Amino acid sequence: MEQQVPARCPCAAKTASFQDAVRMLNTLQTNASYLEQVKRQRGDPQSQLEAMELYLARSGLQVEDLDRLNIIHVTGTKGKGSTCAFTEHILRNYGLKTGFFSSPHLVQVRERIRINGQPISPELFSKHFWHLYHRLEETKDSSSVPMPAYFRFLTLMAFHVFLQEKVDLAVIEVGIGGAYDCTNIIRKPVVCGVSSLGIDHTSLLGDTMEKIAWQKGGIFKRGIPAFTVLQPEGPLAVLRDRAQQISCPLYLCPPLEALEEGGPPLALGLEGEHQRSNATLALQLANCWLQRHHNQTIQELKAFRPSDLWQLPLAPVFQPTSRMRHGLRDTKWPGRTQVLQHGPLTWYLDGAHTSSSVQACVRWFRQALQRQERRSDGPEVRVLLFNSTGDRDPAALLKLLQPCQFDYAVFCPNLTEVSSTGNADQQNFTVTLDQVLLRCFQHQQHWSCLDKEQDSPDLWSPSNPEPGGPASLLLASHPPRSCNASSLVFTCISHALQWISQGRDPIFQPSTPSRNLLTHPVASSGASVLREAAAIHVLVTGSLHLVGGVLKLLEPSLSQ
């Protein structure tokens with residue numbers, strides 16, 4: 001009798017092809033030796049841009065081809081992704097076909113390349129990946145590196161996708177910096193933007209805000225309008241000088257309040273007071289693009305005049321259109337001031353990873369806690385889930401988080417599972433498990449040292465807050481407690497979430513729960529507290545990659 005061979009599911013074949021593409025892409029991940037090379041070449045950005053142009057030519061495109069994408073190019077330290085998301089959604093509301101290139105991804109790498117706000121499909125990703133990969137293989141020679149590194153490859157791929165999909169415009173978020181970033185082969189964007197500046201990536205960009213501002217201003221182009229938000233005096237002066245040197249018209253965005261005059265307040269789809277700065281930059285970028293490329297004219301409410309701040313002209317003050325209002329209101333950008341309500345657990349997700357962005361995150365978190373109704377049926381527990389990577393200062397970030405008075409601080413690497421071989425999107429070949437676990441124990445040590453400062457004044461509160469008033473953002477019944485006695489390190493995100501949720505999250509129910517999570521005394525006693533709590537508030541922050549791993553487990557639909 002002939003044996004029946006089961007037919008292979010087409011969906012499984014497509015998934016396998018996509019996972020194969022991602023695994024091959026992961027072999028291009030930047031390693032430590034390449035990072036050292038980049039640092040040595042900081043004084044010669046032209047060589048890096050020339051290398052990127054060579055890859056572009058080998059892929060079948062010329063720099064001039066990118067002009068057809070009608071690009072909005074955005075850099076900044078904080079909020080550049082949110083600014084891009086606002087801008088893209090506003091322009092999509094005008095019926096335009098949009099492309100959007102961003103980084104990093106949270107759950108799946110295809111999130112980095114979006115058409116009309118949606119990540120490209122696994123099929124489209126696989127098609128363009130293999131086409132580009134084989135083209136670069138065919139054109140390699142002994143004088144050049146055969147394959148670009150991970151981010152460069154994805155940047156090239158995004159350009160190909162957007163051109164072949166015939167988008168009306170592309171919103172391109174800079175990876176790191178600006179001047180040396182591989183996206184800066186763009187010659188003729190329609191408009192450029194610089195979001196809030198801060199200290200980050202110091203080993204690549206410099207250790208002062210002025211040095212970082214110089215890098216960010218590297219995306220300015222002669223005759224191409226650029227917009228920025230209010231910055232500290234020093235960095236803003238650097239941006240102004242960079243713009244003047246190359247004859248780039250740079251404008252300072254007025255506060256969002258100025259654009260709300262004479263109309264209802266603007267509702268934002270992203271929570272947090274800091275998003276208002278991102279929204280005002282997005283409105284100017286979208287308005288400028290519409291005026292320059294879509295013949296749209298919006299009546300200005302006030303005359304164009306130089307600002308008093310360092311001789312920068314003020315951007316137009318105008319009444320946002322209904323399409324702009326709806327674009328701001330409907331913007332979604334996962335992992336940034338995001339709240340998930342799962343039964344008794346409320347997850348607060350924010351990928352803040354610089355001092356200023358963590359300050360904004362703390363303000364948002366404490367205000368969100370204040371809006372929550374107090375439970376009368378039992379105690380409420382607050383948990384911090386934290387990780388920090390790269391050259392950032394985790395001690396400084398943790399100190400900023402201390403006034404939230406967490407009951408437990410949990411630290412883990414940015415690994416969804418102990419072994420990530422089953423999901424290529426979560427693989428990271430640039431570090432070892434030993435390295436990332438050692439870093440987590442260092443975070444725990446920093447947290448324990450804060451125990452000595454528990455009696456210090458709360459830097460976040462005014463000197464004499466009124467009881468129960470708006471300034472009293474700390475919840476009651478949370479006496480100071482020892483950080484050392486309430487911190488834990490887990491080897492992966494899944495184990496951390498299992499301990500925090502104690503089986504009470506209706507969505508996160510691992511099929512094979514770990515049995516070794518209660519061996520530590522703090523883990524054992526804390527588990528009882530978490531099981532009996534009426535509500536558990538969990539802030540996940542410090543790293544977008546950590547937030548992405550948490551989202552993968554809490555929102556399984558994002559992996560489909």
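The buried residues of helix α18 are Leu 544, Leu 546, Val 547, Gly 548, Gly 549, Val 550, Leu 551, Lys 552, Leu 553 and Leu 554; buried means under 20% relative accessible area with a 1.4 Å probe, protein chains only. This is a predicted model, where local features need pLDDT of at least 70, side-chain atom pairs count only at pLDDT 80 or more, and totals for chains, interfaces and linings use all residues. Residues are numbered from 1 along each chain as its sequence is written, and side-chain values use heavy atoms, with hydrogens and water left out.

**Helix α18**

**Arg 276**
- Arg 276 sits in helix α11 (residues 275-293).
- With a relative accessible area of 17%, Arg 276 is buried.
- Setting aside neighbours within four places in sequence, Arg 276 is in contact with Leu 256, Glu 257, Glu 260 and Leu 268 (contact means heavy atoms within 4.5 Å).

**Helices α13 and α14**
- The axes of α13 (residues 355-371) and α14 (residues 394-401) come within 9 Å and cross at roughly 20°; axes are lines fitted to C-alpha atoms over the stretch in contact, with angles from 0 to 180 degrees between N-to-C directions.
- Ser 355, Val 358, Gln 359 and Val 362 of α13 meet Ala 396, Leu 397, Leu 400 and Leu 401 of α14 in this contact.

Note on methods
Helix = DSSP H or I, 4+ residues; strand = E, 2+ residues; numbered from the N terminus. Buried < 20%, exposed > 50% of the residue type's maximum accessible area, 1.4 Å probe, protein only.
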